[in-house]
Amino acid sequence: GDLRLEEEAAQLTLTQTEKRLARVRVLHEQGGVSTQDLEALEFTVKTSRIHYRKAVTERERAVVRAPLSGVVAEVNLTVGERIAAGKVCFRIIDATDLQAELFVAVDQLADVTLGQPVIAQLQVTPAVRLQGTVVRISPIVDPESGRCQVRVRFLGAGERLKPGTVVDVTVAKEGVR
């Protein structure tokens, strides 16, 4: 958008001043232009080059690069917004392995351990079952709800489901596989 236009305008200005400088040099050699006027135009060309390089650099820096390939799950930008380096613009997920966030009551938390198997069933198609594993148990309990966040991962589930699919998750009892 605007950065490409700024770059194009800077390039046109540079081209124009370089052509004018070439003509003025010929006139200077013939005595038709003073040395002071030639030096002023040389300064203008140097300034135009700097503006052009700055426009190119700004456009190149405006490219947003993802640290990994995947699916854009969240956008944290508005159209036309200028962003600072380091701002999180998008949340990208690897849609091969899906995760679910569970909220487990404190009195049931003793029954949940890292690595414990879980089963997920699609609400719309209960016959579809996915096997997963508890990968994180938050150390923080929400004082209002009395629940703790537990994250489970379903390896390869993205090949069968889309991110955001609603499932019912059952945490298997210890010793049951």
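View 1. Strand β4 (residues 117–122) is joined to β7 by five bridges, and the two run antiparallel. Strands here are DSSP runs of E with at least two residues, numbered from the N terminus, and two strands pair if DSSP finds at least two bridges between them. Residues are numbered from 1 along each chain as its sequence is written. In the predicted model, local features need pLDDT of at least 70, side-chain atom pairs count only at pLDDT 80 or more, totals for chains, interfaces and linings use all residues, and side-chain values use heavy atoms, with hydrogens and water left out.

**View 2. The open sheet.** Five strands are arranged in the order β3-β6-β5-β4-β7, with antiparallel pairing. At the edges are β3 (98–105) and β7 (167–171), each pairing on one side only. Neighbouring strands of the sheet are turned by 35° against each other on average, direction ignored; the axes are lines fitted to C-alpha atoms.

**View 3. Cysteines C89 and C148.** C89 counts as buried because its relative accessibility is 7%. C148 also counts as buried, at 0%. Buried means under 20% relative accessible area, exposed over 50%, and partly exposed in between (1.4 Å probe, protein chains only). The structure holds zero disulfides, a disulfide being a pair of cysteine sulfur atoms within 2.5 Å.

**View 4. V72 in strand β1.** V72 lies in strand β1 (residues 71–75). With a relative accessible area of 48%, V72 is partly exposed.

Note on methods. Helix = DSSP H or I, 4+ residues; strand = E, 2+ residues; numbered from the N terminus. Axes fitted to C-alpha atoms, helices over the stretch in contact; angles between N-to-C directions.
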